[in-house]
Amino acid sequence: MAPFAARRTAHRPLAHRPLAHRLVVHVGPAAAIAIALAMFSSAHADVTNWIDTAGGAFSDPSNWSNGVPGSGDTAVFAITPTSFPQVIIAGPTTIDRLLATASHPTLVLSGQTLSVLGASPELPAVEIGDDVGNNTLFIRQGALVAPSVSVGPLAGGGGTLYLGQLGAVTATIGSTLVGDQGSGSLFVLSPASSFTTGELWLGLATSGSGVFSSVGNSNTVVTGDAHVGIDGIGRIWTTNHDVHIEGDLYTGAGPASEGELRLQQDGGDLVVDGSAFFGGEGLTTVSMTDGPHLVIGGDLTVASTATVDLKLWNHTVPAEPALSVAGSIVDPEGHLQPRLKISGSTPVFTPPIGSVYAVIASGTPTKWPELQVPAISLARRYVPVETPTLLAVEVQAGLADLNGDNAIDQADLDVLLGAWGRGSSPADFNGDGTVDGADLGMFLSALGV
Ligand SMILES: [Ca+2]
Ligand SMILES: [Ca+2]
């Protein structure tokens, strides 16, 4: 039998290679599986459904339709409770499979380990979601061990798995698939949680959409490769929480795919020990807001449209380059589009004149991509700076710097007043043919920032 991992794309790193063996055997609706397994199950492979809408002890047979699930059995959470029932696991527990096709059951592990064996390698050991609606499972306060997890397996439906909300979880997973044919989300929430998976697959089929999100300061490690947007949409979101990929990173593989890396806040770094491949044929979007870093240990190969947005919203200056590549940046067709975005709500962030923002560093750049910077204004201009190993942006004084000394001050006001009433002058900021009070007002606005 093909291992679960064989259902995944043996990913090709470049666009002209055909998409290799991807999933062709669809997992049927979970309910159908449960019924089928129930019909043909032996005493050693039972399917048993949680039936207590109020919650209770996992070990209590009266809470199950077919007895307490054991190491050969499938535990199914398929009832829709009226509240948020808690299923309490009070001792080491081993089952074969775990299916959740309803919303809001919470497994409270009480410091114990839940081992899900997944004896059939063709089926995910833990499966969240069916083909209808969004199905949610919370796991907290203990350890989860499983060879495979699938969240959002079926088109038309979705699943969400929360690990660690209100109690840390240590999860050790062989292969994690989020957004197979449906929509899926996997959140690692508690600062004390850790999540380790062999391979990470996000957005497998064209109908699939998968989000992997880590929030806090947990320890998240992908010991193999991470595939973000295979034929569907895949997203990695970090918020003040580093994610470490020990293998390679692939984003935006299929022609309709999208791979998004959304890194937020210093500490929300994405560290890739291997190489990174942006496309594929799909779209790659990287957005880094307020100080995180994307660190690539090998080469960065860009084979289709990839945008890298360095967003500065809250005065945070990245101390290190936003994107650093230890190897080469291989982008022969110029797909990589780094952009600097200065934005914010109130007050609007205006970086000090003289600031330098390091956007990309590479050990051996083959060619720097063209950097898109904000439009020149009276107050600021953003000038790309290239060195042999660094592509950066320097903030300089804008058009209001009338004497060209890279400061906007009294000396520039003197120049403006000296040109008062003239028809042609750089001090005619609004271009109406006269240096007058309107231009003075614009100058004073620029002076304030
Ligand atoms: Ca000046
Ligand atoms: Ca004017």
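Look at helix H3 first: on the face turned away from its buried side, it carries the exposed residues Gly 437, Gly 441 and Leu 444. Helices (H or I, at least four residues) and strands (E, at least two) are DSSP runs, numbered from the N terminus.

Before going on, the conventions: this is a predicted model, where local features need pLDDT of at least 70 and side-chain atom pairs count only at pLDDT 80 or more, while totals for chains, interfaces and linings use all residues. Residues are numbered from 1 along each chain as its sequence is written, and chains are lettered from A and ligands numbered from 1 in the order in which they are written.

Back to H3, residues 437–447. Its buried residues are Asp 439, Phe 443 and Ala 446. Seen down the helix axis, these fall within an arc of 60°, so they line one face of H3; the arc is that of the directions from the helix axis to the C-beta atoms. Helix H2 (410–418) is included in what covers them, where contact means C-beta atoms, placed from the backbone, within 7 Å. Leu 440 is also in H3. It is partly exposed, with 16 other C-beta atoms within 10 Å. From Leu 440 to Ala 427 is 8.5 Å, C-alpha to C-alpha, and 13 residues in sequence.

Now the whole chain. It has three helices and 33 strands, and buried residues make up 50% of its 449 residues.

Twelve of the strands form an open sheet with parallel pairing, in the order E2-E4-E7-E10-E12-E14-E16-E19-E22-E25-E28-E30. Strands E2 (56–57) and E30 (336–342) are at the edges with a single partner strand each, so one side of each has no neighbour in the sheet. Two strands pair if DSSP finds at least two bridges between them.

What about strand E12, residues 157–163: how many of its seven residues are buried? Seven of the seven are, so E12 is largely enclosed by the rest of the structure. Gly 157, Gly 159, Leu 161 and Leu 163 point one way, and Gly 158, Thr 160 and Tyr 162 point the other. E12 runs parallel to E10 (residues 133–140), joined by seven bridges, with Leu 137 opposite Leu 161. Six bridges join E12 to E14 (residues 183–188), also parallel, and there Gly 158 stands opposite Ser 183.

Next, the cores. A nonpolar core is a set of buried Ala, Val, Leu, Ile, Met, Phe, Trp, Tyr and Cys residues joined through C-beta atoms within 7 Å. The largest has 97 residues, of which Leu 163, Leu 294 and Val 359 touch the most other members. Apart from it lies another core, of eleven residues, including Leu 416, Ala 427, Phe 429 and Phe 443.

Last, some backbone details. Most residues other than glycine have a negative phi, and most peptide bonds are trans. Gln 141, in the loop between E10 and strand E11 (142–151), has a positive phi near 65°. Asn 406 has a positive phi too, of about 60°. The peptide bond from Gly 279 to Gly 280 is cis, with omega near -5°.

Conventions
A residue is buried if 20 or more other C-beta atoms lie within 10 Å of its own, exposed if 12 or fewer, and partly exposed in between; C-beta atoms are placed from the backbone. Two residues are in contact if their C-beta atoms, placed from the backbone, lie within 7 Å.
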